Amino acid sequence: MAMVGLFWIAGGDVYVGAKPSGSAPGVRLASEGVVALGDDQSGLYLWEDVRALTVADVPEKSLMRRIDSVRHTALDTLLTLVVQNGPGYVDEAPPLITVRVETPSGTHALSAFVAAAVGYPPAEIELSRALLSRLTEGEATMATTLAAMSDWGRSWEGKSPRPAEREALLRKWLG
């Protein structure tokens with residue numbers, strides 16, 4: 001599994017935001033269309049009906065987000081050490097991003113958890129938005145682009161690539 005821009009790629013599956021588990025909300029980009037996952041949202045929006053695919057509420061990487069992440073980790077560690085049975089509070093869920101799918105029947109707002117704890121680099125946000133737009137340019141473009149992303153995911157071993165590698169991959173997939 002690896003994060004590249006706003007995408008979480010696990011094997012051949014491509015998600016916008018974090019890959020959901022259990023009943024958590026998520027958005028998967030499949031060869032058939034955009035799949036809404038989770039208890040509070042479900043459905044399939046076929047690529048032939050998708051006119052636009054955008055994303056909002058994306059947290060941008062910043063110094064304050066990094067400081068907050070370190071503070072939260074330190075507090076969690078301290079509470080775990082002090083309280084015998086583990087932390088005495090429930091972790092917050094990560095923030096949500098909104099994936100908007102525009103179809104002939106209207107615009108559908110889907111939710112997915114953020115995968116980047118301290119936010120996403122601005123360049124990766126813009127490249128990811130351009131890539132989402134590219135996926136709606138027609139079946140051949142979508143199929144080729146999504147296949148390239150899936151193929152990369154199936155062959156990748158290890159952690160998420162470094163920032164320069166992620167940007168290069170996004171640019172490559174943009175064509």
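**Sheet, packed helices and a lined pocket**

Strands E3 and E4 and helix H3 each supply at least two residues of the lining of the second largest pocket; helices (H or I, at least four residues) and strands (E, at least two) are DSSP runs numbered from the N terminus. The structure is a predicted model, in which local features need pLDDT of at least 70 and side-chain atom pairs count only at pLDDT 80 or more, while totals for chains, interfaces and linings use all residues. Residues are numbered from 1 along each chain as its sequence is written, and side-chain values use heavy atoms, with hydrogens and water left out.

The second largest pocket is lined by 21 residues, and Ala-30, Ser-31, Glu-32, Trp-47 and Met-142 lie nearest its centre. H3 gives the most to this lining, with 6 residues. (On a 1 Å grid over the protein atoms alone, a pocket is an open set of points where a 1.4 Å probe fits, with protein on both sides within 12 Å along at least five of seven lines; lining residues have an atom within 4 Å of a point.)

Turning to the sheet, six strands form an open arrangement in the order E1-E2-E3-E4-E5-E6, with antiparallel pairing; two strands pair if DSSP finds at least two bridges between them. Strand E1 (2–4) and strand E6 (43–46) stand at the edges with a single partner strand each, so one side of each has no neighbour in the sheet. From one strand to the next, the twist averages 25°. Strands E4 (residues 26–29) and E5 (residues 33–37) run antiparallel and are joined by 4 bridges, with Leu-29 standing opposite Val-34 in E5.

Two helices pack on this sheet. Helix H3 (residues 139–155) touches E1, strand E2 (7–10), strand E3 (13–16) and E4, and its direction makes about 55° with that of E2. H4 touches E1 and E2, with its direction at about 65° to that of E1. Contact here means heavy atoms within 4.5 Å, and angles run from 0 to 180 degrees between the N-to-C directions of lines fitted to C-alpha atoms, for helices over the stretch in contact.

Within helix H4 (residues 163–174) sits Arg-166, which counts as buried because its relative accessibility is 9%, the limit being under 20% relative accessible area (1.4 Å probe, protein chains only). Leaving aside residues up to four places away in sequence, Arg-166 touches Met-3, Val-4, Gly-5, Pro-121, Glu-124 and Pro-161. With the same exclusion, Phe-7 has contacts that include Val-14, Leu-29, Met-149 and Leu-170.

Notes. Buried < 20%, exposed > 50% of the residue type's maximum accessible area, 1.4 Å probe, protein only.
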